[in-house]
Amino acid sequence: MSNPPAARYGRESSDECLLICRRCEPPIRRWNNSVRRCAAPPGITPIFPAGFTYLGQFIDHDITLDTTGLGEQIADPTAVLNFRSPKLDLDSIYGRGPVADPQLYQRLNASRMQIGRTNTQSIGKPSMKPNLPFDLPRGPQGLAIIGDPRNDENLIVAQTHLAMLRFHNKVAQQVEQGNVVIVRSVFEDARELVQWHYQWVVLHDFVRRLVGDAVLSDVLENGRKFYRFEEQSEFGEPYMPLEFSVAAYRMGHSMVREIYDYNDVFNDHGGVTPANLVLLFRFSGLSSNEPDPVKFARDIPIPSDWIIDWNRFFDTNGPAANPSLLLDPLIANRLHQLNNIPASESASLAVRNLQRSLKMGLPSAQDVAGFMGLPLLSEAQLTSDADGQKLKELQLPLKTPLWYYILKEAQQQQGGKRLGAVGARIVAEVFVGMLQGDPNSFLSRNPGWRPTLGAANFGMAELLKFAGDLDPVRDPNNIS
């Protein structure tokens, strides 16, 4: 589905803006060090346990899949196709269902998802039993057999995908045992229950934390003002606005930590070693750069001592040990050194985000905010700190890249704890619109519905509790 330029939030960028952007593109690489986090970040946000960083990535993979290369996007930025349905329907989990994608399901019980098992050895904690059901299902090359291979690109998003597989299987078990009335089939009923609870988590736990109660309530009660897909898209269906996919929803990059208190074995207070970003990419089938097949086979499937402790990433049992970093224009050092990037291109995620928004002709933040009638950050607010000084040096305070502006807005207006006015409105309207535009979502079929599995204030922590096995590494049943 294309992203029609007439459907974007802001006005089309003027020729003058595009010329300025093109002239600025080479110097943007000099912005790199100005948006780099120091080794000890100055702030964290307790509003966001770090698990939400990777839940956000999982959600992104659920609603977007752009298979066009960046070169093709530059040649024709309006022809970008979203091959993932812009719905919160978990097609990254379910694929096309057990008939069309039987490899995703258990052979003897197609109502349940296939689960992978851990490796045969654990170096950090040798007492861990091998062959535990806590990895993604994998083929002979170690690649995950899942609906979206991107969910195997780092260990935490892979374990998030696994948690959703386990949540589905637990719900299917409830249906099989007669705890839920069967209306169609075990699989169909379980899938709908899982989808609706997941949608509730996304809207009322994830998005609400991002945008705040006032903004989300206003969109739900008073309607969408700008994301009007009913009139804006060719077929009157939800689409992915570039302001959302290329700018606002990339806010999660600033929340990524360099290291994590991952489980009882891998942490920074007495463990073998903290789980840094290098290790999180190493223990994944898609991103591992290990050329030695023997060493790769030792890492994939994951060793049992690399199963995640969800208590450290969500508020399942008190405050999580890993809060995310603040929403601001800085990203972790490791994200300036991406793997598998051609030498002719920048390996910095920040630079790539900025280049992408410029090459795709995204309106400036000032154009978008003006169109939406929302207050603008002053030049003094935009140019504060080293990153803002670089913005000033590049003569962009009046034509600010939207991705950078949204992060700066969060920092200046909300202290980095949630999105500011422009970012919050874009994110809230798109998520609400996706649900309202999906005839099978709970918000379309039954707006008064409330979660039926677990506590009334159902969130990601309650979903994980229902799925069970929050900390398998400390479970005596998993230790020899």
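## Where H2 meets H5

In this predicted model, the residues Tyr-54, Leu-55, Gln-57 and Phe-58 of helix H2 are in contact with Ile-156, Val-157, Thr-160, His-161 and Met-164 of helix H5, contact meaning heavy atoms within 4.5 Å. The residues of this contact comprise six nonpolar, three polar and no charged ones, where Ala, Val, Leu, Ile, Met, Phe, Trp, Tyr, Cys and Pro count as nonpolar, Asp, Glu, Lys and Arg as charged, and the others, Gly among them, as polar.

The axes of H2 and H5 (residues 155–176) lie 9 Å apart, and the two helices pack at an angle of about 70°; axes are lines fitted to C-alpha atoms, for helices over the stretch in contact, and angles run from 0 to 180 degrees between N-to-C directions. H2 and H5 are therefore roughly perpendicular to each other, a term used for angles of 65 to 115 degrees, whereas those under 35 count as roughly parallel, those over 145 as roughly antiparallel and the rest as oblique.

The buried residues of H2 include Gly-51, Phe-52, His-61 and Asp-62.

In helix H6 (residues 186–211), the end C-alpha atoms are 36 Å apart, which agrees with the 38 Å that its 26 residues should span at 1.5 Å a residue, the expected span being 1.5 Å times one less than the number of residues. H6 bends by about 30° at Val-202, the bend being the angle between axes fitted to the seven residues ending there and the seven starting there. Just after H6, Gly-212 takes a positive phi of about 90°.

## The chain as a whole

The chain has 19 helices and four strands, which are DSSP runs numbered from the N terminus (helices H or I, at least four residues; strands E, at least two). Buried residues make up 56% of its 480 residues.

## Basis of the values

Residues are numbered from 1 along each chain as its sequence is written, and side-chain values use heavy atoms, with hydrogens and water left out. Local features need pLDDT of at least 70 and side-chain atom pairs count only at pLDDT 80 or more, while totals for chains, interfaces and linings use all residues.

Note on methods: Buried means under 20% relative accessible area, exposed over 50%, partly exposed in between (1.4 Å probe, protein chains only).
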